[in-house]
There are 2 protein chains.
Amino acid sequence: MSDISNTEFEVLEALWQQYPASANDIIERLNQSPQADKDQPKSWHQKTVKTLLSRLVKKKAISFEKQQRHYLYTPLLEREIYTAKESVSLIDKFFNGRISPLVAGFAKQSDLKKEDINELKALIATWEQEGEITDDD
Amino acid sequence: MSDISNTEFEVLEALWQQYPASANDIIERLNQSPQADKDQPKSWHQKTVKTLLSRLVKKKAISFEKQQRHYLYTPLLEREIYTAKESVSLIDKFFNGRISPLVAGFAKQSDLKKEDINELKALIATWEQEGEITDDD
DNA sequence: TTCTTATGATTACAGTTGTAATCTTACCAA
DNA sequence: TTGGTAAGATTACAACTGTAATCATAAGAA
């Protein structure tokens, strides 16, 4: 329900890698996962991660199961669904629900590779084949 | 620099509609702009909007110019650039910088219209013509 | 000129977020 | 058995947010 914050999302990412997982598993993954900023790798304090796990539990984004003294956590959200919903939100907010302005803006801001274009073409081909298209209005 | 919050963004949207604009202009626009939730139209309190304008000024997202007793505000960010950057951020965060998974997820979550597909095709055609494509790696 | 009022500035205040430290307590080592 | 420790629970705390109310002041009404 409630929104997932940025740091909470990073913790969720670590959990999605493989689950169920213990807090320590997650801390390890976070501290060894490739950094965006390679010079100053972010080091996650264990207390911080535990706090974020608690918050994710409270937000019902993950669940846990008691295992001896510690917990094993499991995501309650699927990554694909979560990211797709957030994508739709952004597209609604910025582009009135239209996908192509997003793609156009992205292309202008970032570099498109030939591969990206081929993937897009493949997607379109799929849609056209499967007839997943709502009729024009 | 600092991030623009959700409500701040809505205020910015109203300003982007036309500027320079006074606080009152903006309040009016906000209170008559089409509501997502039509039943319970959000009513913006003037005090709230003024606060948000101040915060946007402090964040250097907008500027103002004294006009008699009141101010005229002007955006310092272009909408297109702002939204494109935010789009890139989301795509980096969720899809490792690849556009096609975003499009695929969006299509699964939302309805694609024939028009959307035609626009995408047109975009692709443009890129291919203009050779704006970075070579595959 | 004086009073009212509208405008921006300042202050408020609870909820969220990032980032931990401290508290409690149940196991494992000795 | 007992004491240290590690795991989660609770508490901390400032910055940011959403949502305004109050303060100070200048400009227009009377």
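Leaving aside neighbours within four places in sequence, Val103(B) is in contact with Ile99(A), Val103(A), Leu120(A) and Leu123(A), contact being counted where C-beta atoms placed from the backbone lie within 7 Å. The model is predicted, with local features requiring pLDDT of at least 70 and side-chain atom pairs pLDDT 80 or more, whereas totals for chains, interfaces and linings use all residues. Residues are numbered from 1 along each chain as its sequence is written, and chains are lettered from A and ligands numbered from 1 in the order of writing.

Val103(B) is also, together with Val103(A), Phe106(A) and Phe106(B), among the residues that touch the most other members of the largest nonpolar core, which has 24 residues. Such a core is a set of buried Ala, Val, Leu, Ile, Met, Phe, Trp, Tyr and Cys residues joined through C-beta atoms within 7 Å, buried meaning that 20 or more other C-beta atoms lie within 10 Å of a residue's own. A second, separate core of 16 residues includes Val49(B), Leu56(B), Ile62(B) and Tyr73(B).

In chain A, the axes of helix H1 (residues 6-17) and helix H3 (residues 46-58) come within 9 Å and cross at roughly 90°, helices being DSSP runs (H or I) of at least four residues and axes being lines fitted to C-alpha atoms over the stretch in contact. H1(A) is therefore roughly perpendicular to H3(A), a term covering angles of 65 to 115 degrees. Thr7(A), Glu8(A), Val11(A) and Leu12(A) of H1(A) meet Val49(A), Leu52(A), Leu53(A), Arg55(A) and Leu56(A) of H3(A).

Around DNA strand D lie 22 residues, each with its C-beta atom within 6 Å of the strand, and His70(A), Ser5(B), Asn6(B), His45(B) and Thr51(B) come nearest.

Methods
Axes fitted to C-alpha atoms, helices over the stretch in contact; angles between N-to-C directions. Helix = DSSP H or I, 4+ residues; strand = E, 2+ residues; numbered from the N terminus. Parallel < 35°, antiparallel > 145°, perpendicular 65-115°, else oblique. Contact = placed C-beta atoms within 7 Å. Buried ≥ 20, exposed ≤ 12 C-beta atoms within 10 Å, placed from the backbone.
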